[in-house]
Amino acid sequence: MIKMTEFQDKYVGTLIGCALGDTLGMPVEAWSKARIEKYAGKISFPIAPIIVRDDKKEIVYKDEFGKIRYFNIGLTTGDYTDDTILTLALAESIAAKQGLDLEDIAQRQLYEYTSRIQADGTIAGGFGGTTRQGFKRLMQGISPLESGVIGGPGNAPAMKMSPVGLYMDATGNSEQGLEYAELIGKITHLDPRSIASGVIQAHSIYVLLQEISKNEFVESIVRVSSSWEKPVPANYSAAQAGNLTSRLNWIEQNKNVRDEEAHTVLGSGSSVLCSYPFALFMFQKYWDEPLTGLIETINWGGDCDTTGAMYGALCGAKNGMIFPEEWLAVLKNKEKIEKAGKGVYQIKTDKVKS
């Protein structure tokens, strides 16, 4: 039997893992593996965003790999992006309300968004297009039950949903948690693949806290995806066809293939059909080497702040606070993140006492 203090370690580790994966990937977000290797060698420690400059110290916007995108200019070592910002807002809501309150969740996440609107209209933090559209509708007074929009198959529901998995473990009410995960995803996203990803991530955190085996974990995410993923509407001209369930089925049938093959099949771009399955593949592949797997996931590039955040949350739920002290020392707002994890854990403590 795991002691309660060890469980608290895993609650905190889930949120800290999300933030560390985010801050590891932040400096090279959207870069290819080859570009990362050229300019960084290998990301193995939180660093500041990499800005490529020429001999005249001017920023370079194109190289032999194509256009260079800089999503996080202005951030520094240990900073994180929207992945952690929204995850933390959700965890703080659960801790404050000692439960799931959709209106409070929406308003806390909206505050984190609006507080980062700059004078020129840009929004610091890297919020995706569909998320921005959903938040704009919340700003207009539209209910969080109706604020979501059809955008591309974004990965925001999966990247921010780990606190719901903690709540599910704390209360033992897994079905309610999955239902709320769907509603929380719909605050911004209506693509059925996106919605399903949030449900799957909440489930994943929950079952990892039950100490299941690798094979049981993979089987369970396929099962939940099959149950919760709805078909894409016939009139929906999605940017990318396909569904999550088929890609998770591929993982189940190819658990131990080389990372290169998995990346070729799944990719690691910002579509939830790429980033989330790739993070899940890498997590189960490196089941017994979680930190090695996190580093490898980051260095495959793509939407690597998000693949890192999703992987990091899973890593923390399974293994607790196994993260290197030198990473933790530079992580911004570490105490705030820890407090949120302990606040959600208080639900479990109170339930045991009662």
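The following questions and answers go through a predicted model of one protein chain.

Colleague: How many helices and strands does the chain have?
Modeller: Buried residues make up 59% of the 354 residues in this predicted chain. As for its secondary structure, the count is 17 helices and 2 strands.

Colleague: What radius of gyration does the chain have, against that of a compact globule?
Modeller: The C-alpha trace spans about 65 × 45 × 45 Å along its principal axes. For 354 residues, a compact globule would have a radius of gyration near 20 Å. The chain agrees with that value, at 19 Å.

Colleague: Among contacts between residues at least 6 apart in sequence, what share joins residues at least 24 apart?
Modeller: A contact here means heavy atoms within 4.5 Å. Of the contacts between residues at least 6 apart in sequence, the share that joins residues at least 24 apart is 73%.

Colleague: How far apart are the end C-alpha atoms of helix α15?
Modeller: Helix α15 covers residues 304–319, which is 16 residues. At 1.5 Å a residue, α15 should span 22 Å. The distance in the model agrees with this, at 21 Å.

Colleague: Is α15 largely enclosed or open, and how many of its residues are buried?
Modeller: A residue counts as buried when its relative accessible area is under 20%. By that cut-off α15 is largely enclosed by the rest of the structure, because the number of its 16 residues that are buried is 15.

Colleague: Which residue just after α15 takes a positive phi?
Modeller: The phi angle in question is about 75 degrees. The residue that takes this angle, just after α15, is G320.

Colleague: Is T188 buried or exposed?
Modeller: T188 sits in the loop between α8 and α9. Beyond its neighbours within four places in sequence, T188 is in contact with residues including T130, F135 and K160. Its relative accessible area is 0%, so T188 is buried.

Colleague: How many residues apart in sequence are the parts that E211 and K10 tie together?
Modeller: The side chains of E211 and K10 meet in a salt bridge, at 3.8 Å from N to O. E211 lies in the loop between α9 and α10, while K10 belongs to helix α1, so the pair ties together parts of the chain whose separation in sequence is 201 residues.

Colleague: Which residue of that pair is exposed?
Modeller: K10 has a relative accessibility of 9%, so K10 counts as buried. E211 has a relative accessible area of 52%, and exposed means over 50%. The exposed residue is therefore E211.

Colleague: How many salt bridges does the structure hold?
Modeller: Another of the pairs is D191 with R193, at 2.6 Å from N to O. Both D191 and R193 are buried. Over the structure, the number of salt bridges is 15.

Colleague: How many disulfides are there?
Modeller: A disulfide is a covalent bond between the sulfur atoms of two cysteines. The sulfur of C315 is 12 Å from the closest cysteine sulfur, in C18, which is too far for a bond. By the 2.5 Å cut-off, the count of disulfides is 0.

Technical notes: Residues are numbered from 1 along each chain as its sequence is written. This is a predicted model: local features need pLDDT of at least 70, side-chain atom pairs count only at pLDDT 80 or more; totals for chains, interfaces and linings use all residues. Side-chain values use heavy atoms; hydrogens and water are left out. Helices (H or I, at least four residues) and strands (E, at least two) are DSSP runs, numbered from the N terminus. The expected span of a helix is 1.5 Å times one less than its number of residues. Buried means under 20% relative accessible area, exposed over 50%, partly exposed in between (1.4 Å probe, protein chains only). A salt bridge is a side-chain nitrogen of Lys or Arg within 4 Å of a carboxyl oxygen of Asp or Glu. The radius of gyration is taken over C-alpha atoms; the globule rule is 2.2 Å times the number of residues to the power 0.38.
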